[in-house]
Amino acid sequence: MKLIVNGEAHEVAATTLAELLAALDYEGDWLATAVNSDLVHKAHRAEFQLSDGDRIEILSPMQGG
Amino acid sequence: MLELFGTTLPSRLLLGTAQYPSPAILADAVKASGTSVVTVSLRREMAGGRAGENFWSLIRALGMRVLPNTAGCHSVKEAVTTAKMAREVFGTTWIKLEVIGNHDTLQPDVFGLVEAARILCEDDFAVFPYTTDDLVVAERLLEAGCRVLMPWCAPIGSALGPINMTALRSMRAHFPDVPLIVDAGLGRPSHAATVMEHGFDAVLLNTAVAKAADPIGMARAFGKAVEAGREAVRSGMLEPREVGMPSTPTIGKAAFS
């Protein structure tokens, strides 16, 4: 399946958002995820089914003004 | 003391966490400023979660309340989704709502801002809207559910200071009971003292401290300026007058001829 993750194209075998995070070596409690511009809560990542062409944003705390 | 959304804050200075020379200087500047609220953001995580975790550990160690922002968002959808993501990560309903409308001035898109504010207020966010000094927009934000307003005093990062003090004074006069925080454009401690002397409840700044030659010293200076301005307005300042008036008593002055 082809996905856009944080603006970059990825070809992955993962079918859920939780599997995708594991496959791309994302870990930790301080991540927020969105698929196609909508928030996917942490508790829903394991059941969230990805589709070809989905755009995923994986964000974390950063400096801000 | 300043009370926002039921939380009493000992300091009237809110400080940004971006652009410091190092994490250690950021931490020391935050402490030197005396602030109790720091702004943070969310950005794409490129290090598997570790970059964000390192920063977040630093902020948590400071023991400050955090005010996440939606900086860089140019649409209502972007801002609302970012706010929801921030609520999940930072565990707070507080959100500094930015919907940017102009690339050069970083002026807020006030139409999108009001729409995003309404959506987030209905979702029980405590919205801190980054807005202009326009009174009609301010009214619309309050109607949308905002209980705090954050007018700019000049473009973000410009260091120009209050370029339209007349408009800011008017805003203060029109909304005597709404907490007003001057956000963006402050360059010097005297700018912060000036707006505080005009009765603003607090200031939020970042670049003026972070990009100073000595951010820690500048953080301390801004902290003092904010306190000085607040103390001054509470103490009743003299109205300026066009003619001189001697401060030393004239009665009893010796006459030499």
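**Chain A and chain B**

Trainee: Which residue in strand 4 of chain B stands opposite A:Pro61?
Mentor: Strands (E, at least two residues) and helices (H or I, at least four residues) are DSSP runs, numbered from the N terminus. Strand 5 of chain A and strand 4 (residues 37-44) of chain B pair in the antiparallel sense over 5 bridges, where two strands pair if DSSP finds at least two bridges between them. The residue in strand 4 of chain B that stands opposite A:Pro61 is B:Leu42.

Trainee: What kind of model is this?
Mentor: Residues are numbered from 1 along each chain as its sequence is written, while chains are lettered from A and ligands numbered from 1 in the order in which they are written. Side-chain values use heavy atoms, with hydrogens and water left out; local features need pLDDT of at least 70, side-chain atom pairs count only at pLDDT 80 or more, and totals for chains, interfaces and linings use all residues, this being a predicted model.

Trainee: Which residues in chain A lose the most area to chain B?
Mentor: The contact (heavy atoms within 4.5 Å) takes 27 residues from chain A and 31 residues from chain B. The two chains bury about 2,600 Å² between them, 57% of it on carbon and sulfur atoms, buried area being the accessible area (1.4 Å probe) that two parts lose on being put together, summed over both. Together accounting for 27% of what the side of chain A buries, the residues that lose the most are A:Trp30, A:Met62 and A:Gly65.

Trainee: Which element of chain A gives the most residues to the side that touches chain B?
Mentor: Between the two chains there are 19 residue pairs in polar contact, both residues being at pLDDT 80 or more; such a contact is a pair of N or O atoms within 3.5 Å, of which, within protein, one must be able to donate a hydrogen and the other to accept it, and residues adjacent in sequence count only if both atoms are side-chain atoms. On the side of chain A that touches chain B, two or more residues come from each of strand 3 (32-35), strand 4 (38-40) and strand 5 (55-63). With 7 residues, the element of chain A that gives the most is strand 5.

**Salt bridges**

Trainee: How many salt bridges does the rule find across the interface of chain A and chain B?
Mentor: A salt bridge is a side-chain nitrogen of Lys or Arg within 4 Å of a carboxyl oxygen of Asp or Glu, and the structure holds 11 of them over all chains. One salt bridge is formed by B:Glu88 with A:Arg45, whose closest N and O atoms are 3.8 Å apart. Across the interface of chain A and chain B, the number of salt bridges is 5.

Trainee: How far apart are the closest N and O atoms of B:Lys77 and A:Asp38?
Mentor: B:Lys77 and A:Asp38 form a salt bridge. Because B:Lys77 lies in helix 3 (residues 76-90) of chain B and A:Asp38 in strand 4 of chain A, the pair joins two chains. B:Lys77 has a relative accessible area of 42% and A:Asp38 has 40%, so both count as partly exposed (buried means under 20%, exposed over 50%, partly exposed in between, with a 1.4 Å probe and protein chains only). The closest N and O atoms of this pair are apart by 2.4 Å.

Trainee: Are B:Asp183 and B:Lys96 buried or exposed?
Mentor: The side chains of B:Asp183 and B:Lys96 meet in a salt bridge, at 3.2 Å from N to O. B:Asp183 lies in strand 9 (residues 181-183) of chain B and B:Lys96 in strand 6 of chain B, so the pair ties together parts that are 87 residues apart in sequence. With relative accessible areas of 3% for B:Asp183 and 4% for B:Lys96, both residues are buried.

Trainee: What is the relative accessibility of A:Asn6?
Mentor: A:Asn6 is placed in the loop between strand 1 (2-5) and strand 2 (8-11) of chain A. Its phi is near 50°, a positive value in a residue other than glycine. A:Asn6 counts as buried, because its relative accessibility is 3%.
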